[in-house]
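Please keep the structure in view while going through the numbered points.

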Amino acid sequence: MHAPRTTSAIGSLTVLSMSLAAIWTPACAQTGDSGASPEANTKIEKGIETVVVTAQKRSQSIKEVPVAITVVNAAQLERAGVKDIGDLAKTAASLEFGDQSTGGAGGSASIRGIGTAVFTQSAESSVGVVVDGVPQGATAGGLMFDLARVEVLRGPQGTLFGKNASAGVLNMSTQEPIIGDHGGSVQFEFKGKRGEALRATGNVPLNDISALRISAVGERNKGVYHNVLTDKDSVTTNGGARLRYLLKPNRDVAVNLIADASNQRNENAVFFAPSVAYATNTAGNHQPAAEFASCGVTVSKTNNQVCSDGAEIQHTRVRGLSGQVDWTLGSGDTLTSITAYRTRKQGPDSVNIGMSNTYDKVYNFTPHQDAQQFSQELRIASPTKQALEYVGGLFYADSKNYKDSTTTILPSPFLPSPPVPRSIATDAIQHAHLTTKALFGQATYHLTDATGIIAGLRYTRDTVTADESQSSVVAFDGFTLPASVKAASGSAQQSNVSGKIGLQHALSKTTNLYATLSRGYKGPQIDNDTPINVATASGNSAGNIVKPELPTSFEVGSKMSFLNRRLDVDVAAFHTKIKDFQEQNCTLTAVGALSCIPLNVPSVTSKGVEADIRARPLPELQLGLSVAMILDTAYPAGFSFDNQNVGGQRLLYSPRNKATLNGDYSWTLPGDYELKLGGDVVYKSRVRLCNSLDTECGYGGHSTASLRLALRSPDDKWGVEVYDRNLGDKRVPNAIIYPLPGKGAGSGFAYSLGENSFRRIGVTLDYRF
């Protein structure tokens, strides 16, 4: 039934291609690499690859870019088992992620210990996520497939990437079509008891000036949690597809159209498992350890058992459409236009937070949580290798976020009613509208062939409006109180000028030095929760303004090559001071519900040293090392969370030391088969995962290791790989929650777990055609 539509779509694109070809001067005859991306991933030079990146909105060698960057190409992503955005933490020492399941801007990503984990609808991330030139904002999806590379840009990148890049950027590029090439691949992954996955790509040349690339993935992950009440394992089902169309009517014009879609469904998938449960809570009205035991849960720091009588279902659907046109003018300048529209829809979601078969249960039901974003960027870039190199442009984005959620609390049925209610139901509806307009430019003037001066500015104008209403109904035995309706709203307009100045110098053909001073910016938020929470009766209140986040960063670095390009060493030292760092304080209300309030931390400093090393000591051996020592990142003296002085404590998700090491060694076997042995190790020092002074709020220093063994055919048509990830089966949490929801203060702690929290042994089979 679908074949005629597919044929019609391809036919329409073919007609479009031929029509444009008639208008534009025909391209020259295609060469063997004519279909290669203008942002081609790499090229081999003797020892190790020369990596080409777009960190400055143009294609450049990583060695020439005065920015601290960790680059992970397609092969490295596959070897490391990177399947969702949180997996990237295994590849870059300065990159960390918190819990992905609880939402929040930017998925709780942090770079150099700085990130955003704020649930407010008007919040934006400190770490920007950009895919094929399109900032994802609140519409970012976690699923990653058919990527060409990921660039982890460290430090404020606001001059070129905008306001949600005050800590850094994850700049991703997907594989683009290749003109004149018929080909594709199919890969099946069997994860044992943990699930399975199927991935496929196909390249379809339509004519000599255009091509399609189709990629898709289907994946099932099992067993992160086990519900002992229902005897069911959690199951996460992911599915996604991307269609890319490339048209090159001549050597000066390229048109890229991209459509992508992904779905995720979680069943029996709660978001934490109790890891520490005390005999009694502070108030003495709960016996957490006994309550979990009565349902069959054995609480420990390796526990993944839960007790839930809720539906435990979550849905997420992400859709995106973008069009990019690159036009090289007669002057050599390249004019680029990127237009995009994206949506992210969640719900209906049902989550039981109480997690035991006793009283004070907390149920969350979210019928809708939607985000939509339109963005337009228009920029011009000069040719490279000239005295003055520049990039300048305009940017516009309009985002709308909406959330409807109901929290129902069931207090103890054993106490008299009244005064103790039998249920408390609160429905909260939140809206946020964010508009950004920006003018930006950055230039490098080469004083000599070796020395250049860097200068850039960005003017941003933000408009943020947000409103929230809460309707609470308290029911006692035999009667219900009238609904209490509280509302708050607020708006803010903010103008900002940020920028960068710097100096770069080529000490030799193999050594480049740079020093930069950058000023970043992240826009204001609206806090409607605080005025609603303090209101004692129904009515409307004015929302509070959470001030913009303003980082100032000084960085010096060097990019060096040794041993005839068999060793690359990139080193950076940085000092970043952030004024009005945007955070949130999460506490339990008097009835046991979680309340997270956005706020400003007056000042936070991040400083340290990083190194990225790539080596090929032998033709058969490749090594990679990423190291970060991040100092400070502490709350200022006297700063309090939940009435606790956390001054001097490190920010969340900010280990002092972290290192990632990966390596692969290959042998040529008889018959020209290739055997490759590889592995990786990630070391991380102690990290705080919740805002309490209790030692249980941190996870100690640890290492996780993985091994893989792969065999490829002589013609590279097929391959098989066996892997063992998280060899020690270390139950490393993504986040720690305290106290146990529904159990009151002083009840204990819980771990939020993910697929990487378990040992996984699996096999992949792939075939290329």
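This is a predicted model: local features need pLDDT of at least 70, side-chain atom pairs count only at pLDDT 80 or more; totals for chains, interfaces and linings use all residues.

1. A disulfide is a pair of cysteine sulfur atoms within 2.5 Å. The structure holds two of them. One joins cysteine 295 to cysteine 307, with an S to S distance of 1.9 Å. The torsion about this S-S bond is about 70°, so the disulfide of cysteine 295 and cysteine 307 is right-handed. The pair links distant parts of the chain, 12 residues apart: cysteine 295 is in the loop between α4 (288-294) and β18 (305-306), and cysteine 307 is in the loop between β18 and β19 (313-328). Here helices (H or I, at least four residues) and strands (E, at least two) are DSSP runs, numbered from the N terminus.

2. Residues are numbered from 1 along each chain as its sequence is written, and side-chain values use heavy atoms, with hydrogens and water left out.

3. Confidence is expressed as pLDDT, the predictor's confidence in each residue, from 0 to 100. The protein chain has a mean pLDDT of 89, and 92% of its residues reach 70 or more. Over residues 1-46, however, the pLDDT is below 50; this stretch has 62 contacts in the model beyond near neighbours in sequence. A contact means heavy atoms within 4.5 Å.

4. What is the handedness of the disulfide between cysteine 690 and cysteine 697? The torsion about its S-S bond is about -115°, so this disulfide is left-handed. Cysteine 690 and cysteine 697 are both buried.

5. β5, β6 and β7 form an open sheet of three strands in the order β5-β6-β7, with antiparallel pairing. β5 (95-97) and β7 (114-115) stand at the edges, each with a single partner strand, so one side of each is left without a neighbour in the sheet. Two strands pair if DSSP finds at least two bridges between them. Three bridges join β5 to β6 (residues 109-111), and leucine 95 has isoleucine 111 in β6 as its bridge partner.

6. Two backbone exceptions concern phi. Arginine 112 is not a glycine, yet has a positive phi of about 60°; this residue lies in the loop between β6 and β7. Arginine 112 counts as buried because its relative accessibility is 2%. Glutamate 312, also not a glycine, has a positive phi of about 55° and is placed in the loop between β18 and β19. Glutamate 312 has 2% relative accessibility and therefore counts as buried.

7. Strand β12 (residues 183-190) has two antiparallel pairings to examine. With β13 (residues 195-207) the pairing runs over eight bridges, and glycine 184 has glycine 202 in β13 as its bridge partner. β12 and β13 form a hairpin with four residues between them, and glycine 192 in the turn has a positive phi of about 65°. With β46 (residues 760-768), β12 pairs over six bridges; the partner of phenylalanine 190 in β46 is valine 763.

8. A nonpolar core is a set of buried Ala, Val, Leu, Ile, Met, Phe, Trp, Tyr and Cys residues joined through side-chain atoms within 4.5 Å. Which residues touch the most other members of the largest nonpolar core? They are Leu88, Leu170 and Met172, in a core of 70 residues. A second, separate core of 20 residues includes Val53, Ala381, Val391 and Ala438.

9. Two peptide bonds are cis. The bond from glycine 347 to proline 348 has omega near 0°, and proline 348 lies in the loop between β20 (334-346) and β21 (349-352). The bond joining tyrosine 738 and proline 739 is also cis, with omega about -20°; proline 739 lies in the loop between β44 (735-737) and β45 (748-752).

Definitions and conventions
Buried means under 20% relative accessible area, exposed over 50%, partly exposed in between (1.4 Å probe, protein chains only).
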